[in-house]
Amino acid sequence: MQIHRLVGVALAAAASVSFSVPVFAQAIQNLPAIVVTGNPLGSDLSDLVSPVSVMDDHDLTLRGASTLGETVGNLPGVSSTWFGPNSSRPVIRGLDGDRVRILGNGGATVDASSLSFDHATTVDPLVIERVEVVRGPAALMYGGNAVGGVVNALDNRIPQSPMNGASGRVDGIVGGADSTRALAGRVEFGKNGLNLHADGFTRSTSDLRIPDGRLRNSAADTEGGGFGASFAGERGYLGASYGVFDSTYGTVAEENITIDMRRERWDLAGELREIDGFITGVKFRAGHTDYKHVELDGGSPETRFFSKGTDLRVEAAHAQLGPFRGVVGVQLDSSEFSALGDEAFVPSTNTDTRALFLFEETRIGDLKLTFGGRVERVEVGSDGGGPDDPNNPGTPRFDPAQERRFTARSAAFGAVYPLNDTFSVATQLAHTERAPTFYELFANGPHAATGNYEVGNAALDKEQSNSIDAQLRVKRGDHSGSIGVFHSRFRNFIALADSGLRREEDGLIDPAGELPEFAYRAVPAKFYGLEAQAHLLLCRCAGELHLDLQADMVRAANRDTGEPLPRIAPMRGMAALNWHREALNLRLEVQGARRQDRVDDLGTPTAGYALVNAFASYGFQAAGVNWEAWLRGNNLFDTEARNHVSFLKGIAPMPGRSIMAGLRASF
């Protein structure tokens, strides 16, 4: 089925159901308030050891962008790689790439976004119902690739609870700095335990408006959708889903290069609860992804990227053992990657991971304790190169076939304790080990997106770190807040750094070469910082007036030399006034960042900035449908701002002044 037909089917179904089915749900099925990421036993926010941010429907309307990175990039401790408006990956506490795990409904996402900053993630916020972001080490549940944290996008394509009747919604969006034209729809129906879900979206954008003009080659056309079905009852569910994502977008760094991307994914998931015996519950998720993209130079194919991945995760909850309850699980991941063409800088590779993990929790009075461990075996193999290497015919760019094997062991201990009815404290200690990725081991070639010649190191050992995280949480009536600090110490942080050499595009070392050589090497490093946020009720005056405050800071340095690590976000802050009365919501906010001059010898400082944003929404009912109209203004004073984390901060500032409008119909 073509994607535009899939979008049409979802929208048509949403329109028709609202008039033909006599029993309606109040709205699209709400996902559980319990946080499902980071704790396999489930927990609410106040009882979690790790700091977690949750974005619901309202937050996604307020912050939603064309990429996942920009959507979550203003949460405490979270920034983004910002490679223009089409490619932006989350950065958590200064850690990016394969140190931040991006999940879809708890399953692995397979794409090439961690390989290169110009490669987009295959998650579009238009069809997400909820995002959960875990800040800090989450390797216990998700592997060493989650040493920085986890971003889990939930879309409910496999409904986990029985539904009764139909629900759905349609969203239309226009405007913004990139002149967005977007339409999205989703519909769900359930009866007698059978649940059906369908969604689809289409989004077109033009070159991004920046304070001094337009950002060239930043337009995009993206569409996608999916459908799923499940049988669900009081004791569990079993279901399957299919999703597709298509995008063609400009890469900003190169004026004539566009990327034509497609990803298809199949999922099977289920859960059985309230089992008699030692095992009291079992849940699983299995998925397979086919991903490919072609880099086009003036419309002609140049380099092709292919990735196939299969993942399986099984968790079994056990009966109470004395004071302990917990989960034991296994996780299997297998992926194949290849890049064919003149600009391929990594060989074809295979990565296989097998993991066993244990999570336990107990209570001693009001004190909640959690602990667990994980062992994973990782095998990374390269197909090598040679005179007949299809990536670069006639040139032995890559070494002969190689294979590295790693055994990574991770452990964590956490505690949550309520001091009284207002204050509580939470802390976590974690040891994390991460196996190097295929590109950190085997890269050898010019990387057009960054303008460097990148060289891997096949002798790299696994990356090891020890981390501590502590939070003070406050909740009193309508007021809430938290302040937290963290510190991570890496024995051998794998960094991409300038070697001081220069190369020609064919790989020859030449002092006059056009490309600087950047090599992966292990350095001792430390990351530390703080995160604070507060939500205060100022008054009930013809409505409710709230004040939101937020600040974060991260520092990172080489422990041997004291030199700052590159592309670390500056100290940031936000203050916002929210006024709410019945169906009317108004928000005025200021987002700011300090000047970042903590840079290495080759780094470029970025100036501080303050951006003023506004948001208004109004809800009403008509013809049996719930409507919400909203208007969002960003960077109202057209201030020039540059994201220090971005490789392209010199040529790609953040968006200029914009107005965006949207209309949602739900039933």
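Two strands pair if DSSP finds at least two bridges between them. Strands here are DSSP runs labelled E, of at least two residues, numbered from the N terminus. With that in hand, hello everyone, and let's look at some strands.

A word on where this comes from: it is a predicted model, where local features need pLDDT of at least 70, side-chain atom pairs count only at pLDDT 80 or more, and totals for chains, interfaces and linings use all residues. Residues are numbered from 1 along each chain as its sequence is written, and side-chain values use heavy atoms, with hydrogens and water left out.

Let me begin with strand E14, residues 236-250. On one side of the pairing list we have strand E13, residues 220-233, which runs antiparallel to E14 and is joined to it by 14 bridges. Within that pair, Gly226 stands opposite Gly243 of E14. The two strands make a hairpin, with 2 residues between them.

E14 also pairs with strand E15, residues 257-272, again antiparallel, through 15 bridges.

Now over to strand E8, residues 165-175, which is joined by 11 bridges to strand E9, residues 180-191, in the antiparallel sense. Gly175 has Thr180 of E9 as its bridge partner. Between these strands the hairpin has 4 residues, and Gly176 has a positive phi near 90 degrees.

E8 has another antiparallel partner too: E33, over 7 bridges.

Is Asp638 buried or exposed? Its relative accessibility is 18%, so Asp638 counts as buried.

And which residues does Asp638 touch? Leaving out residues up to four places away in sequence, the contacts (heavy atoms within 4.5 Å) are Arg209, Pro211, Gly656 and Arg657. With Arg209, the side chains make a polar contact at 2.9 Å. By polar contact I mean a pair of N or O atoms within 3.5 Å; within protein, one must be able to donate a hydrogen and the other to accept it, and residues adjacent in sequence count only if both atoms are side-chain atoms.

Technical notes: Buried < 20%, exposed > 50% of the residue type's maximum accessible area, 1.4 Å probe, protein only.
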